[in-house]
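Dear colleague,

Please find the structure below. I would be grateful if you could look through it before reading my notes.

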Amino acid sequence: MLKYTLKRLLAFIPMIIVISLIAFIISINAPGDPVESLTKAAGNEGGAEKQSGTAKKDKQKLRKKWGLDLPLFYFSVSDMASCDTLYKVQDRDQRQNLESLIHEFGNWVAVDNYYKSLLNLQKEQQNINIESMCEQDTTLDKNKVNEDLNQIGFNIVGLLEENKKELVDDKFKNLDKLISSDTYFPSLVSLHNNVKFNHKLLFIKETNWKTYIPSINWYGINSQYHWWVFGDFFHWEETERKGIIRGDFGVSYKDSQPIKNKIWNKVGISFTLSLLSILIAYLISIPIGIYSAYKKNSKTDKGISIVLFMLYSLPSFFVGTVLLLFFANPDTLLWFPESGIKDPLNYNPDWSIFNWERIQHQLPYLVLPLITYTYGSFAFLSRIMRVGMIEVVSQDYIRTARAKGLSEKKVILKHALRNSLLPIITVFAAIFPMSVGGSIIIEVIFSIPGMGTEMFNAILNYDYPMITAFFTLIGFLTMIGYLVADLLYAVVDPRISFK
Amino acid sequence: MIIKFINTQINKENKTDIIKASILTLIYALFFSTIYIGETSIFYISMFCILSVSLSVLIASNIKSKKEVYFRFSLIKKLIVGFILGWIMWPGFGELVGPIIGFYVSSKKRTDKNNFSFQKYAWNQFKKNKIALFSLYLLVTLILIARFAPLIANNQPLYAVYKGVTMYPAFEDKKTTVEIKDPKTGEIEKLQFDITDWRKLNLESIIYTPIPYSPSFLDKENNDYVSPNGKQEFTNHKGELIDSPTIFRHHLGTDGKGADLLSGLIHGTRIALKVGLISMGIASFIGIILGSFAGFFGDRDLKMRRVKYYMTLMGLFFGFFYGFGQRKYAISDGFSQSTSEGMIEFSISILIILGITYIFRLSSRLITNKWLSTEISVPIDSMVSRGIEILNSIPRLILIITVTAIMDRSLTIIMVIIGITGWTGIARFTRAEFLRIKSLEYVQASKSLGFSSFRTIFKHALPNALAPVFVSIAFGIASAILIESGLSFLGIGVPDDVVTWGALLNLGRGNIEAWWLIIFPGIAIFITITIYNMIAEASRDALDPKLKS
């Protein structure tokens, strides 16, 4: 048994790796720049501040803290033209623009020169002090100068972030007009000429053939993925980043709080509900399955079959809304509260889990969600139980048991039941993810403050780390559900673990 | 070249058949090219005609027996059926493909009526199940409703005469604008078909569609959750506020903006069916190919020379590098222009990958090193099974929701994602069926005759393995519809302007007083899912008599 358990555990390792990879791919493909979102969350918003020195430094710190200045994966596959330290460029748009430039011209050195000359131009443009300029030369119109300067800035940023031919030509034309016609930016002229020169060099020094030769870069463990999964593995205690294997999922974009603190109790609520509903489903469906298999092809059996079939096809969100419509609606029947899992006024947080008062208090809140959770898997389970039971009852050993003169009750409950439980246990592995997945819809309908609602809100708020965290967590927990199903299966059927 | 090809196909026996077939297709091709393509250039028309005729010759030359008369009723019937089916499935293109498929089917040698065939047996078994048969008819009805939705529920009338001008707005494009001159005053009035409130015009003569509302049409008088049996108001062309006449009533009520619910349901049918079909089409494509390879070859039977194996891997690496890595920008530019442009770029990439892999595989023949030439087996079964296990271990709904969260909101993306995550069941069934089939005599026979594995799989084994897969596909369609409506119920993934059943139900959740917004869309989803489940279950019983207990 122990050997079997270990074997199953080993089999889960590739799955865990794949789940973490999928989650990671999703998280890096999320739209928007993570640092921008994080600084926004911290409240450092503001267009003018975007370019200022302190904000930039803050961003750099954040980038370092969350390891965003590292390469993505242990290795990367790219072409010979591309630069293997491109990940160090901070701005996401600029990085993408550089990538496309390299792809187009295939000469990293030339692209680098062009990019640096643009950056120099930008720096000089930001250093120009309009106040002092206007003081020196009083004939200048301050507003116009300011506007021109801003225009130049916009065009430079455009060049830094765009690589569409028409747009680039357009921007260069604008810059030409702005810088050469107005004599009041003398310092920019030479830099601008430098940019133009470097841009022309791009075309001259084009080595496009290099993009057709693949190359593999090896970065080692100092990569984003490694940090995301393992954190700082060598400083076990004092490090801030612990990696998802120690439950650290990063920081929410919404309020900059660690996700770890926000999700654990939510996960608890959701999984309690899921497991409770599966338990109830098993408790109801086994007797029903036995009964309808025992009275096979009778009218009751047919009736039960049809009802189960209907239940199986009913979408859970429909059932949930209809239950709310009929039983939690002041116009029809107000038997149950409409939403939530507790009344904040009467709820006593000191109640222990099995406190009778607490159960009495929370039960009305849970009735409708539990019905919605349960009915689908219950219909599914009953149908499987029925088929399994019918198959077992037609076996030889059941006939033997009957021939021996055992009572019908004993035959069914003692000999048939245990063997017919096998298929129903295997489907635990299928029902569990279904129930967890369904929880997002049901929790949204009944406003249960669990994982599903939280994930729904995260999606509405574009809070990607939160979404990734939930996805990873649910994947891992589902894996545990699988393990439980496997072990249960081995307990019921000892043949399995000896295979 | 084409004429030479036609000449080689004709022999004495099938001469008359081919001449008849060619004349028929020629007429059809002329008809199709002038009406549908609208291309008046003689070059295009003649190209099209030559292609059609050569295709028909190819098909007609397949006719084996001369004894039976094909070109009387059977052919014309199948052409017409093919045309109609093609139009329903894919208007604009299906009309071209449908008749050709019908032609091909009718050119096959007809089996004797008393012959026993498995299909016939299964169909007879299926017919015995009255509920399932009824579900099948209901499904056909739903497909028809989906196809004819613009003629059933539309605020543009079928026929209208206004100030002496006759129009057929329902058959024309939404944005069509007509300028109408008043004969007395000489004023010019502009009518844009989809914006105009036709109910309020003083028309001389009009025929409305059965439900005179589009899902996007907002009724300003009844815009606050009007109940189906409640008071509904209507302002006629004289400006009097009256109770709604029966023809303008919202039979299933409206939502908070005044959109008609029944019209939304009818147009939503289209999306529900489309999602089910397309996503399961993708899923079964992946599932059948992977499942049949895994089942047919197992872990030991796919043998190749070691060098060929390595070369295949190399070829795949280079193929992906040149196909996707190198063409990354070309593909994304294509998709940013239009979906079809993107798909073309994408298929070019796929072709590049296949081509490079093939070249690498070919080049492996040059190497004759002894160690490299030893045969090794590729464990394709374990690979596919592991893949299925991994994909199954992630809750599907959560995976889909997570992926749609980082994507743009679009129906196509949702269909593709549902398809990509939904192939595991189909692959499992195909694999199991192939495991059974590969030891049967006819597969052994085709192997020993020296047919390639490819031919054995797709021509001999696959047609006999499709029965359980079909069942799995039908169940899959039901669950795809369920997932799509669940997503649009949450308001994730599907764009706001697309009216789906789930989105309508979501409106009802927002305002629980409006019970009609909950009950009717819910019942529509429920009925569709039940239909598919019923058909799946009945065909499972029909196709596999062992399972019937």
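Predicted model: local features only at pLDDT ≥ 70, side-chain atom pairs only at ≥ 80, totals over all residues.

Residues are numbered from 1 along each chain as its sequence is written, and chains are lettered from A and ligands numbered from 1 in the order in which they are written.

Chain A gives 46 residues to the contact and chain B gives 38 residues (residues are in contact if their C-beta atoms, placed from the backbone, lie within 7 Å). On the side of chain A, the elements that give two or more residues include α1 (2–29), α14 (356–393) and α19 (464–492) (helices are DSSP runs of H or I of at least four residues, numbered from the N terminus).

A:M451 belongs to helix α18 of chain A. This residue counts as buried because it has 28 C-beta neighbours inside 10 Å (the cut-off for buried is 20 or more other C-beta atoms within 10 Å). Its contacts beyond four places in sequence are A:I263, A:K266, A:V267, A:S270, A:S439 and A:F470. The C-alpha atoms of A:M451 and A:W264 are 8.8 Å apart, although 187 residues separate them along the chain.

The axes of α11(A) (residues 259–294) and α19(A) come within 11 Å and cross at roughly 45 degrees (axes are lines fitted to C-alpha atoms over the stretch in contact, with angles from 0 to 180 degrees between N-to-C directions). Residues in this contact include A:I263 and A:V267 of α11(A) and A:A469 of α19(A).

Yours sincerely

Note on methods
Contact = placed C-beta atoms within 7 Å. Buried ≥ 20, exposed ≤ 12 C-beta atoms within 10 Å, placed from the backbone.
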